[in-house]
Amino acid sequence: MGRNRFLVTGAQGFIGSWVTRNLLDREHEVIALDVHSRPVRLSLLISPEKLKKIRFVRGDINRFRQIKKLVEDCAVSHVIHLAGVQTPECRAKPILGAVVNVLGTLTLFEAIKACKDQVKCVVYASSGAVLGTDEDYGSHPIGDDAPRIPGTLYGVYKATNEECARIYWQDEGIRSVGLRPPVVYGVGRDKGLTAGTTLAIKAAMLGQPYEIGFGGAVNVEYADDVANSFIACALKAPEGAPVYNMRGEVLEVDDMIAVIEDIFPLSKGEITCAKQRNIMANDVSDAGLQSLIGPLYPLSYEEGAKRTANLFQTLLRDCRL
Ligand SMILES: NC(=O)c1ccc[n+]([C@@H]2O[C@H](COP(=O)([O-])OP(=O)(O)OC[C@H]3O[C@@H](n4cnc5c(N)ncnc54)[C@H](O)[C@@H]3O)[C@@H](O)[C@H]2O)c1
């Protein structure tokens with residue numbers, strides 16, 4: 001596979017770290033942009049030697065001149081855009097949320113517009129939060145073009161980005177793919193409403209009690225699978241600005257807890273969940289995504305939780321947790 005030069009925004013974040021790791025594994029070059037400069041999550045996933053292969057750039061996604069210069073000077077061929085703030089922060093600070101999530105995405109598209117013949121595709125993180133709940137839809141599984149009914153400002157910002165991307169294709173011919181990850185879990189997930197899907201595994205390993213902040217059914221996907229889909233979409237660089245649902249495994253949080261108890265039997269009874277249900281639609285179809293990048297075989301939570309537990313145990317043993 002030929003080497004491509006990827007700009008990853010939000011590369012110090014959870015999904016950004018997995019995307020960066022997987023790009024390096026495939027011998028692509030990575031320019032890692034983030035407001036934070038310490039590779040805290042990346043260090044959990046890759047060796048210090050591999051870290052040296054990354055070109056780290058500290059910067060704000062809203063700095064148009066810096067982003068444009070970076071894309072031009074580094075001859076960026078593909079962009080994976082993950083910089084953003086999560087649901088709780090958008091709720092607490094709506095203006096900050098809009099500035100980073102909406103204006104930041106617009107700034108990125110404007111920077112790419114200035115060198116659009118050079119950048120083959122931008123794949124950006126939308127979210128399953130653009131949809132309503134399962135009950136809002138008469139027809140299941142819910143398709144990519146089902147009406148967006150976001151129930152949070154965060155979801156509204158993500159829906160806006162999908163519309164902006166459509167206009168950048170229409171007016172400027174910029175190819176993009178919007179991916180709507182469900183609840184993503186794996187080592188490095190440490191914040192956001194649904195981080196309990198990972199933090200409960202860590203707590204069980206450490207022998208600590210933990211309450212997952214929601215109950216009911218949830219669509220969960222392992223970070224490695226999510227990262228691979230982002231990369232595959234970027235390399236496919238389809239015409240247009242499609243948006244795709246993502247689907248991992250839909251299971252009850254109670255069943256998730258049973259999986260964790262199987263891995264760490266001493267945690268039995270220590271991991272619980274809140275009564276409040278996760279409000280995102282779970283029964284989504286990822287047929288659109290599969291038609292672009294081929295068949296997907298998402299890891300079960302059982303297997304993903306085992307891998308997460310193994311990695312946590314290794315990090316603990318090596319005093320790197
Ligand atoms: N984690 C999930 O389950 C999930 C689900 C659906 C969608 N998403 C979306 O995927 C993307 C990545 O999510 P994540 O879980 O890795 O989040 P994260 O919070 O771990 O990472 C986001 C990164 O963006 C960086 N960032 C914030 N503001 C910035 C700015 N102004 N300029 C540059 N960088 C900035 C942060 O420092 C952080 O490293 C986000 O857009 C998120 O909304 C995540």
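Predicted model: local features only at pLDDT ≥ 70, side-chain atom pairs only at ≥ 80, totals over all residues.
**View 1**
The shell around the ligand holds 27 residues, and the closest are Ile15, Asp34, Gln86, Tyr154 and Lys158. By residue class, the shell divides into 13 nonpolar, nine polar and five charged residues. On its own the ligand has 830 Å² of accessible area, and the protein covers 94% of this. Helix 1 (14-25), helix 7 (153-172) and strand 7 (183-185) are the elements that give two or more residues to the shell.

**View 1. Pairs of N or O atoms between protein and ligand.**
An oxygen atom of the ligand lies 3.1 Å from a backbone N or O atom of Gly13. For Val184, a backbone N or O atom is 3.0 Å from an oxygen atom of the ligand. The pair at Asp60 uses the side chain: one of its N or O atoms is 3.1 Å from a nitrogen atom of the ligand.

Leaving out residues up to four places away in sequence, Leu179 touches Val123, Tyr124, Ala125, Ser126 and Ser127 among others.

**View 2. Glu162 in helix 7.**
Glu162 lies in helix 7. This residue counts as buried because its relative accessibility is 2%, against a cut-off of under 20%. Residues up to four places away in sequence aside, Glu162 touches Tyr124, Ser126, Val130, Arg148, Arg180 and Val243. Glu162 and Tyr124 are 38 residues apart along the chain, and their C-alpha atoms are separated by 9.0 Å.

**View 3. Val100 in helix 6.**
Helix 6 (residues 94-113) contains Val100. With 16% relative accessibility, Val100 counts as buried. Its contacts, not counting residues up to four places away in sequence, are Ile61, Asn62, Gly84, Val85 and Thr105. Between Val100 and Tyr157 the C-alpha to C-alpha distance is 9.6 Å, and the two residues are 57 apart in sequence.

**View 4. Helix 10 and what covers its buried residues.**
The buried residues of helix 10 are Val253, Met256, Ile257, Val259, Ile260 and Glu261. Their cover includes helix 8 (196-206) and helix 12. Strands also contribute to this cover, including strand 8 (210-212), strand 9 (217-222), strand 11 (249-252) and strand 12 (271-273).

**View 5. Glu261 and its contacts.**
Glu261 is placed in helix 10 (residues 253-263). The residue counts as buried because its relative accessibility is 15%. A polar contact of 3.4 Å joins the side chains of Glu261 and Lys268. Not counting residues up to four places away in sequence, Glu261 touches Ser267, Lys268 and Gly269.

His140 and Pro141 are joined by a cis peptide bond, with omega of about -10°. Pro141 lies in the loop that runs between strand 5 (121-125) and helix 7.

**View 6. Positive phi at Glu27.**
Glu27 is not a glycine, yet has a positive phi of about 70°. Glu27 is found in the loop between helix 1 and strand 2 (29-34). At 45% relative accessibility, Glu27 counts as partly exposed.

**View 7. Positive phi at Cys319.**
Cys319 is found in the segment after helix 12 (301-317). Its phi is near 55°, a positive value in a residue other than glycine.

Technical notes: Residues numbered from 1 in each chain as written. Heavy atoms only, no water. Contact = heavy atoms within 4.5 Å. Near = heavy atom within 4 Å. Polar contact = N/O pair within 3.5 Å; in protein donor to acceptor, adjacent residues only side chain to side chain. Areas by Shrake-Rupley, 256 points an atom, 1.4 Å probe, with all protein chains shown as cover. Helix = DSSP H or I, 4+ residues; strand = E, 2+ residues; numbered from the N terminus. Nonpolar A, V, L, I, M, F, W, Y, C, P; charged D, E, K, R; others polar. Buried < 20%, exposed > 50% of the residue type's maximum accessible area, 1.4 Å probe, protein only.
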